[in-house]
Amino acid sequence: MIELTIDGKAIQVPPGTTVFDAARMNGISIPTLCHLQSQTPVGVCRLCVVDTGARVLGAACVRPVEPGMKVQTNSEKVLAARKTLLELLMADHPSPCARQEKSGDCELEVLAKEAGIGTPRFPRRTISRGQDDSSLAIAVDHDACILCDRCIRGCDEIKSNFVLGRMKKGYSAGIAFDLNSPMGDSTCISCGECMVSCPTGALTNKSVAGTALSTGADSALSVEELHKLPVFAGVSGTFLELNRGAIVRRRFRKGDVICREGDFGSTAFFILEGKARVSISTPIAHVKTEGGAVGFFKRLTSSLVAREQDKRSEEAHDRTIPIDASVDLAYGNPVAELGPGDLFGEMTCMNFYPRSATVRAETDVVAYEMLRNVLDIMQKNKTFRAQIDQNYRRRALESHLRGVPMFSELSPDFIEHLKENVELIRYAPGQVIVRQGDPADSLYLVRIGFVKVTEEYPGGDLVLAYLSRGDYFGEIGLLGGGFRTASCIALDHVEVVKISGDDFRQMVERFPTIRSGLEKVANERRAANEQRLQMVESVPLDQFLSQGLMEAQSLLILDLQNCTRCDACVNACADAHNGVTRLVRDGLRFENYLVATSCRQCRDPLCMVGCPVGSIRRRNSLEVIIEDWCIGCGLCARNCPYGNINLHPFEVFADDPETPGRKKAVVKQKATSCDLCTHLKEPSCVYACPHDAAHRVDPRKFFGQMFGQAAAK
Amino acid sequence: MARTRTTKSVAQRIDLNYFKRATPFKRLRLLLVVGIPLLALGWLVWRGVMRDSRVYSSGNLSNSHAVFERQCAACHVQKAGEFSEQAADSACLACHDGPVHHEEQVKADVPKCATCHVEHRGRIDIVAGSNISCSQCHSNLKVAAGQLPYAAHIQSLEDGHPEVAVKRDNFKDPGTILLNHNVHMKLIRRGPNGPLVQMECWDCHRPEAAKGSWPYADASYVDAKVTYESKDVLLPVKAGWLWPRHSMGRAYMAPVQFSTACAACHLLTFDKRFDVGVPHDKPEVVHAFLVKKFQEYIAAHPAEVRVVREPARDLTGKPLLPEVRVLTPAQWVSERTADAEQLLWRKTCKQCHALNAVKDSSLPHVAEARLTQRWMPHARFDHDAHRGFSCVGCHPGALASKETSDVLVPDLANCKTCHAPGPEHAESRCFECHTYHDWSKRKEVKPTFTLPALSRGK
Amino acid sequence: MDQTQRGWVIGSLVVFTVSAVAYVIYAEESPAGPSGGSFMGLVFGISGFSFMIFAALLGARKRVPTWRLGRAQAWMRGHLWLGLLSLPLIFFHGGFHFGGALTSVVMWLSIIVVGSGVYGAVLQNYLPRVMTHDVPLETIYDEIGNVRRALRMEADKLVENVCGRLGLVKEEEEGQRAGGFTALRPIAASAVPLRTSAGVSAGASAVAMAPEIVLLSEEESKPLRLFYFSEMRAFLEAPAWQRQSLGDPERAKNAFAALRRMMPPVAHPALDDLLSICDETRQLMRQERLHRWLHGWLLAHIPLSLALILLGAIHAFMALRY
């Protein structure tokens with residue numbers, strides 16, 4: 001036992017104890033910033049300096065006691081030093097920082113206030129180290145960071161994730177995630193330890209959606225309850241505490257609607273008990289305008305017709321409807337059941353896409369409703385992931401596999417074999433899944449999220465397609481030449497099912513018929529892609545490009561020299577589509593032509609990104625087709641950069657939610673865009689213009705002469 | 001911070017249903033589109049309520065029908081059950097008679113009244129038909145059988161109109177009265193009122209209705225009754241089919257009569273003993289007059305039965321009569337009568353008339369005068385309309401004519417000097433001289449039309 | 001007018017010449033002169049009237065634009081040429097007489113309608129070019145009210161960003177708007193923007209960034225506030241005068257140059273934006289005027305033509321009857 005004096009008090013402590021601990025053991029508190037009980041002390045902040053009688057003041061948290069030490073923790077010198085230190089730190093601190101604002105307990109600011117520091121005398125640092133908003137759970141404000149290293153030690157020592165480190169030097173020094181990646185893109189698993197360790201507002205809990213979930217009659221879960229769940233086993237208690245409001249246990253009575261298709265939301269649901277029914281209540285039908293070519297006097301009406309009544313050559317056949325749950329809905333009977341252990345609403349929660357289907361409780365249901373930060377934690381948790389994977393494999397994988405036309409005849413045991421051997425891989429937004437030119441070794445099926453397929457060509461990248469849940473890619477590479485012919489990039493949080501090359505070849509050996517089917521599809525795809533590539537030329541003009549006209553394959557242009565602004569085209573379009581026009585006679589001009597606001601059949605169809613049920617798509621004809629199961633959420637309309645998609649309301653008889661078994665007239669919406677009046681063989685607007693001013697043209701061919709002239713100049 | 005303009009931001013300013021909204025323009029257009037036709041309809045309805053069908057008239061009525069401007073039903077007769085209410089011939093015939101033009105006319109080709117008499121052309125003379133009304137047949141006239149007695153290709157006065165008939169083919173005046181116009185138009189040495197008389201056309205030729213005294217008339221002859229009938233003197237008038245002009249009695253010159261034109265100079269004296277002349281009558285009447293006259297005379301002068309031969313009076317070669325003869329009164333009368341008749345038959349009457357000896361009779365036969373009363377039976381001419389012109393202006397031949405057989409009626413060229421198409425000429429259309437309807441067959445229409453109060457319509 | 005019309009021109013000329021020759025012959029031949037009721041007169045009358053009926057049917061055709069009854073362009077050309085031809089035919093029909101009351105009215109209506117039609121056709125050839133040239137920022141005429149309102153709100157916001165709250169009323173938006181606007185259902189307030197395809201193709205959908213908030217002091221922003229309330233806002237609300245103040249491009253430029261001198265440089269971008277809003281408002285005024293010219297004649301042409309058809313039919317009925 002070593003004896004020493006602290007502030008005149010004689011104490012005895014075992015050897016190896018630090019001065020700080022010694023003081024603490026004896027009821028004397030010394031203010032610290034970089035020291036945490038649970039972490040190895042490093043002595044970087046120097047706030048705990050005490051006068052030990054040495055030449056200089058020493059940091060109490062790292063100085064081990066020596067026998068006969070006389071320690072002064074609050075002499076003039078010590079107090080002055082502390083005050084100066086605090087003042088220096090406060091000079092660079094963005095007061096009040098996020099933490100101080102939210103909870104008033106920024107350690108630095110509290111200490112500074114206690115020390116009586118008002119406005120620091122020193123000028124603020126001019127370099128801003130910035131903020132990092134990329135993580136879903138934690139907000140990073142580098143300007144508030146005092147480089148105390150608590151987060152680094154927390155991540156290393158306590159959680160052993162080793163994500164955090166230091167970077168740069170001087171005034172630019174700061175903490176970094178991995179090799180200075182944004183936090184959300186790093187290997188951080190959002191356990192929250194760093195945030196809990198941070199004394200200032202440098203790392204704060206993000207409050208998503210403004211607030212925690214309203215609980216109502218249900219209860220927020222206590223930390224103990226949360227910890228009981230296997231998924232939360234490894235998560236820091238404090239973090240859970242902070243995020244308590246983000247997960248709520250909900251009880252639903254039999255018959256309650258848990259969520260409605262088309263609504264925008266931000267939460268996911270995890271069923272604990274009970275069964276729920278998931279269905280799509282919008283009529284599974286597409287907008288068809290008919291009556292045109294047959295007789296003079298038939299009135300043109302737009303109506304909703306299903307696939308049986310009106311087969312369209314471009315539409316998908318025998319598909320299941322992909323939704324944001326662990327199971328897909330069959331086209332003919334879009335109803336399925338969800339039970340305990342099922343997670344639904346992932347896409348809505350992570351990416352704020354609209355709800356893809358309606359879920360109604362069939363029995364009394366208990367489910368967790370959670371916000372994104374909690375879902376993120378759960379998804380990063382291995383146990384949880386395993387459970388989700390298993391669910392997917394069990395329920396949806398088969399239908400996805402069967403959804404790939406060439407796999408439809410596989411024998412059940414082969415499917416079983418596949419199901420056990422596929423990999424489920426997650427990708428972050430922007431990550432490249434496969435790159436053009438790489439050797440091809442796997443086939444991918446998209447389970448959730450959106451994948452962009454692009455090909456490189458001299459002028460840039462050409463987007464070939466957007467793939468969503470249930471789509472597959474990579475077969476071309478597998479079949480011929482063994483190299484990827486396009487790049488596939490994740491647009492948002494994507495999860496894919498990867499079927500390895502070996503399994504694939506095994507498949508092909510056992511089922512030769514598949515090979516021919518595969519080859520056929522592959523050839524079709526190749527031919528279509530080549531066709532698209534051929535259309536691409538390379539002499540762009542600025543304005544033409546800047547309006548996105550290069551991207552268009554078909555423009556509706558109005559010759560302003562002839563147009564008398566009589567609205568005949570708009571009236572004709574509305575007449576052909578039951579009163580809702582799909583063309584607006586306003587937009588930007590190009591030369592003497594007005595480029596009307598009407599679908600342009602873009603090469604890079606932005607409208608397709610994000611459809612929660614994957615109903616807006618493009619087949620090889622390059623025309624946009626909206627499948628029958630559009631739920632009218634309007635995302636495609638928002639995405640279209642030209643505003644060419646509008647929603648068309650229909651009154652349909654749907655099940656009355658209040659009185660089951662009865663039907664009620666409700667208004668459902670379906671997205672519509674210019675369909676080139678294919679049912680009438682000529683666009684109505686062009687047909688109806690009395691002054692020969694409306695034309696549907698291929699912009700490259702039509703404006704080609706201008707290009708030629710401009711190029712010649 | 002520049003304002004950005006993108007297709008989407010531009011499009012989002014626009015209401016999707018803008019074209020369905022009512023705009024002031026559309027409202028105004030609707031108002032006008034409904035209002036103006038309603039106004040038009042209202043106008044017609046108002047006129048209908050006012051029972052004024054004149055709106056539907058395609059022009060004002062002619063002068064003669066102007067009084068019926070509002071009585072559409074006067075002409076527009078609706079046959080029961082038929083749609084058309086065209087002006088029917090029956091309506092015209094209710095007031096007018098339109099006798100047939102020619103019996104040989106093909107029934108099917110008979111035009112309707114309205115073909116030539118066009119109404120609703122304003123205040124014109126409805127009788128004034130266009131040349132085409134006539135030339136539609138006469139430009140190419142055909143007969144079913146036989147020779148066409150008329151010119152076949154008449155288009156108008158200037159085009160295809162034949163010459164006046166009596167001026168063609170050396171036509172000769174059939175009159176038998178010997179007349180030398182030339183002698184009469186020169187200065188005449190001896191006239192009733194003294195020497196050197198200059199006669200004028202008017203002295204002999206006047207229309208019937210003309211007033212005024214005849215300078216060369218003899219009152220006793222004027223008042224005398226004659227036994228010959230006018231049909232013995234005049235050729236029959238074949239122009240009864242022509243529409244009589246209003247200036248009746250002044251259109252044509254009356255036939256020249258002895259009593260009013262000749263008597264003053266051409267004395268019909270027969271004997272020194274008497275001042276009077278013989279009656280201008282048939283030879284029988286003259287003979288009877290002579291006999292009576294001489295009988296009265298010898299009864300009054302019985303001493304005259306003693307006739308003394310005039311020494312110087314006999315002509316050579318004639319056997320001498322005894323110096324004194326005493327005759328019976330009867331003998332004296334017959335002798336004197338014979339002398340007078342010889343004078344008359346051989347000189348006085350013969351000066352103008354054509355006398356023919358009749359077998360077994362001492363009295364000659366006076367040929368019918370055969371004066372032509374109407375030279376142009378198919379056309380009408382109104383001297384009164386031309387009264388401003390001098391006679392010799394159109395009849396220059398009269399001054400030089402020495403023969404009775406000369407036809408002194410002017411030729412067509414004379415008419416055409418004034419009557420030609422164009423505003424600076426006199427009327428030259430067919431109706432000016434010709435008529436279509438055969439007025440000789442005219443039936444009198446019993447007037448049934450009553451004129452209701454003009455302020456009301458039908 | 002271009003060579004695509006050649007077929008119609010030639011056809012019309014042929015019809016006109018043939019009927020003119022026929023008329024001359026008929027006029028010479030007819031006993032009573034040319035009359036509406038004669039055979040040739042009826043031929044002219046019926047063909048002229050049927051041309052007019054076809055011309056009038058254009059209005060009906062436009063109501064069923066998608067029925068396959070022939071292209072709108074063909075109907076338009078037919079309307080123009082046959083309508084034009086109908087006038088000489090009616091003249092031939094009437095023998096150049098105007099006739100009685102009803103027929104005079106119908107004749108005058110024909111002349112006015114065909115005349116206004118020719119006038120309108122000339123306008124429609126000429127004015128679109130003028131509009132295209134003079135109004136680069138053209139929008140849909142019926143929506144000019146809404147667009148002006150949007151401009152006004154934008155100007156309000158710009159001025160508020162510089163001067164602070166002005167207490168201007170925010171107007172409510174109604175209706176279903178185009179451009180995919182209608183698609184939006186209320187979305188959670190602090191929504192993170194969706195991660196769509198990175199780098200939208202060729203920069204086509206540059207999202208309008210929120211204007212910078214400058215917020216000058218009361219003193220500094222006074223010139224702008226004064227100017228805005230005294231002149232510009234009234235101009236944006238009801239730009240009635242063409243030559244007054246901001247309606248004249250020169251004066252607007254000068255006014256804003258003066259403002260620019262009086263305001264600190266940090267406010268200049270906002271002033272530039274306001275000037276461009278003025279410019280756009282002015283262009284919309286011009287568009288309104290041109291549009292009214294371009295369509296105003298229809299207010300005479302259409303009702304009178306319907307009256308013409310009505311009266312013409314009545315005339316035909318009555319004339320055939322009597």
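In this predicted model, the axes of helix H4 (residues 101–134) of chain C and helix H9 (residues 298–321) of chain C come within 9 Å and cross at roughly 145°. The crossing of H4(C) with H9(C) is left-handed. On the H4(C) side, the contact is formed by C:Leu102, C:Thr103, C:Val105, C:Val106, C:Leu109, C:Ser110, C:Ile112, C:Val113, C:Ser116 and C:Gly117. H9(C) contributes C:His301, C:Leu304, C:Ser305, C:Ala307, C:Leu308, C:Leu311, C:Gly312, C:Ile314 and C:His315. By class, these residues are eleven nonpolar, eight polar and no charged.

H4(C) also packs with helix H3 (residues 72–94) of chain C, at an angle of about 145°. H3(C) passes H4(C) in a left-handed crossing. From H3(C), the residues in contact are C:Met76, C:Leu80, C:Gly83, C:Leu84, C:Ser86, C:Leu87, C:Ile90 and C:Phe91. They meet C:Met107, C:Ser110, C:Ile111, C:Val114, C:Val118, C:Ala121 and C:Gln124 of H4(C).

| H4(C) and H9(C) | within 9 Å | roughly 145° | eleven nonpolar, eight polar, no charged |

C:Ser110 of H4(C) is listed in the contact with H9(C) and in the contact with H3(C).

In chain A, A:Thr204 lies in strand S10 (residues 203–205). A:Thr204 counts as buried because its relative accessibility is 9%, against a cut-off of under 20%. Apart from neighbours within four places in sequence, A:Thr204 is in contact with A:Ala98, A:Arg99, A:Lys102, A:Ala137, A:Ile138, A:Ala139 and A:Met195.

Definitions and conventions. Residues numbered from 1 in each chain as written. Chains lettered and ligands numbered in written order. Predicted model: local features only at pLDDT ≥ 70, side-chain atom pairs only at ≥ 80, totals over all residues. Heavy atoms only, no water. Axes fitted to C-alpha atoms, helices over the stretch in contact; angles between N-to-C directions. Helix = DSSP H or I, 4+ residues; strand = E, 2+ residues; numbered from the N terminus. Left-handed = near helix turned anticlockwise from the far one by under 90°. Contact = heavy atoms within 4.5 Å. Nonpolar A, V, L, I, M, F, W, Y, C, P; charged D, E, K, R; others polar. Buried < 20%, exposed > 50% of the residue type's maximum accessible area, 1.4 Å probe, protein only.
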